[in-house]
Amino acid sequence: MKPALHHGAAEPAPPVHSVGVPRPLIDGVEKVSGSARYTADLPCAGALVGRIARSPVAHGVIRRIDATHALALPGVRAVITGEDFAAPYGVIPIAQNEWPLARGRVRYRGEPLFAVAADDEAAAAAAVAAVQVEIDELPALFDAEAALEPGAPQLHDDKPGNVEREVRQSFGDVDAGFAAAAMVMEREYDCAEVAHGQIELNAALAQWDPEAQRLTMQSVSQVPYYLHLTLAQTLGLDSAAIRVVKPFVGGGFGHRVEPLNFEMVAAALARAAGGTVKLELTREEAFLTHRGRPATTVRLKIGLGARGEIIAVDARVVQRGGAYAGYGLVTILYAGALLHALYRVGAVRYHGLRVYANLPPCGAMRGHGAVNVRFAFESLLDEMAAAMGLDPFALRRANLITPPYRTLNDLQVNSCGLAQCLDAVEQASGWHERRSGSRGAEPAAGTLRRGLGLACSHYVSGSAKPVHWSGEPHAVVNLKLDFDGSITVLTGAADIGQGSSTLLAQIVAEVLLLPMARLRVIAGDSALTPKDNGSYSSRVSFMVGNAALQAARSLLQLLREAAARLLEVQPDDLEWLGERCLVAGTDRGVDFPQVVRQALADTGTLTVKGSWSTPPETQGGRFRGAAVGSTAGFSYAAQVVEVEVDEALGRVRVLRVWLAHDCGRAINPLAVEGQVQGAVWMGLGQALHEETQYHEGLPLRPNFLDYRMPTIADSPPVEVHLVESLDPLGPFGAKEASEGGLHATPPAIAAAVADAIGLRLRQLPLKPERVLEALQQQRRERRLAAARAPQEVHA
């Protein structure tokens, strides 16, 4: 039967567009109203209380863990040790040397030693106190240089010299480049170790079904798939016996980008107790779990041509990685790989060392691997520009990439809006007017000095090769169309606050030209959603976005075919308007619900799949470590910062930030702007305040009172300019938006401080005592120079 014709009907409503439209996040109301349930909020009547006991020493041999007395206490249901696990773990398959609970040796203070499950908190505390532990303490190492010394104690028998990974790479004739350079400068930079500072505390809820021998895990993870694999490996379970569900997650920033020990401990406790265990960690335990940005020393040498072109680069990077491998080999490779792809460079030599120490393990953190090296690189460029009399903008423009471009280390650049980013912040900040007005005054104690600084940065839109290579697509999204006309987006991608679920819904809605109200998103449940590698390296927008785009196009084709059957025309004869479909050039058409009924006729509920993988040409070269740094699309950013330095107190205050970010197509400009501002905020913290500190391996700042992060009182206005250099591979041209801007913040602040007070500070953070000490040293040198001047004239 032909559908009713609508001759002379009112003009159909225009199609609804979603991409490029600022939209609140689809889960925003739940979050701000308090109805969103995070892991610690999940109902768990009758759940046992889990608790982890930790090592009191930084390095030692475990001689005995005796739980006899603890297991005899009322209300104690299980006590487990490292012997209760089948295998060690680590996010990188070739670097798995950490046990969920220490086995044989402890390697840092606070390392999980044993765990208990009990009826309540009091019974759990009593059980922990009743377990008898004997550890023979060994000499410990707390800094990278000591760990590298000949004869230093070895933390891992299979890693001589305490080197987790050494990288040596050379591209082009570096020595010839230095010989030909108009200026060569070499400096050393030190960046303190920093932590993620995510607000939500770590928690896991593990449910063991003893009859079915099945495990259900709900946790704070950014990488549910990797957690699934790790639970199977460490517990010796078949993967089919495991279900991993991701509730709401209150931030990650890389802390949760690898499976963490407490997740496996909760699962093992649940199995041992034969029930459900809820394990909640304290803030101090979050700092002990760590996985933050490693303390890093960068020795950097750059040779520039007369116009500022970068002819040669030589970098030595040493990272103190903590006690276990984690993401270490990737982090040290990133540090070298991303010396490339921001600017044209003539030749590059890189030597990287990832070093073990008896401290909590470091890992991935927002801007993974490249933040500290970018601080050094941009700082040295700024110093060289001043020495050569070049404007910092002119120096950067002398080295711009013109895509398509292949870097020396075989990274593919298909789009680059850095030139437009530079133009945007130069104009918005009033650079030339402000810069000329900030100089020329003689510094004096007790005065406030202002300065401007510039830095640039870039980052990957997902790693072109996944951590666990399985041959499967990089991303898969399923769309389900049902009788009610709703479309469900099924994705394994973890929304951790960055707005990825909203982005996927916008992409699907844009293709179908439907209002967002017709869509819902179900994310991160291994029993319902397709596998996804997780939220790391800014991969979701690019990779999962492309999978959603392909799925939406496939569904649209099915809908067009259904409409064509109803209207007895060919699909190409139709004009698709979302809620209505017309025969082109006529007013004859059908509404969306009619199309849905036709599409479901005979088949019932429709499920279509979209998948995406990175093209081979974007997957890097063939040398060892070439996969790290490879990506299908690079984002770019330029940033100008204005600071005020109080010379009496050494305090640096950021007054304003102008940042232009090339994110390709801004699918949700509102969310992109928020992500860029968040990146600046984290960079501001690392630049001015943040550092973990230890005394003989004991964390000194494992809380939000002593670990100084910026508050709203410290946060300056951040003016964001979005540059859209559409990437040919990105969904609607989109690229990453949440990490690339961070890298430029610390060097831009340091450059602004140098502009204000004439001092180049090469250590992060730029805390008041460090700035004040440098100012006092500057004054001493000036007094000494003034005292010498009359003698030199007399002579």
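View 1. The 75 positive and 86 negative charges of the protein have mean positions 2 Å apart. Lys and Arg count as positive, Asp and Glu as negative, while His and the chain ends are not counted; each charge is placed at NZ of Lys, CZ of Arg, CG of Asp or CD of Glu. This is a predicted model, in which local features need pLDDT of at least 70 and side-chain atom pairs count only at pLDDT 80 or more, whereas totals for chains, interfaces and linings use all residues. Residues are numbered from 1 along each chain as its sequence is written, and side-chain values use heavy atoms, without hydrogens and water.

**View 2. The largest nonpolar core.** A nonpolar core is a set of buried Ala, Val, Leu, Ile, Met, Phe, Trp, Tyr and Cys residues joined through side-chain atoms within 4.5 Å, where buried means under 20% relative accessible area (1.4 Å probe, protein chains only). The largest such core has 119 residues, and Ile-302, Leu-418 and Ile-749 touch the most other members. Of the 795 residues of the protein, 61% are buried.

**View 3. Surroundings of Ile-302.** Neighbours within four places in sequence are left aside here. Ile-302 is in contact (heavy atoms within 4.5 Å) with residues including Phe-178, Met-183, Val-184 and Met-185. Its contacts also include Ile-310, Ala-312, Val-313, Phe-377, Leu-380, Leu-381 and Met-384.

View 4. In the protein, 80% of contacts between residues at least 6 apart in sequence join residues at least 24 apart.

Terms used:
Buried means under 20% relative accessible area, exposed over 50%, partly exposed in between (1.4 Å probe, protein chains only).
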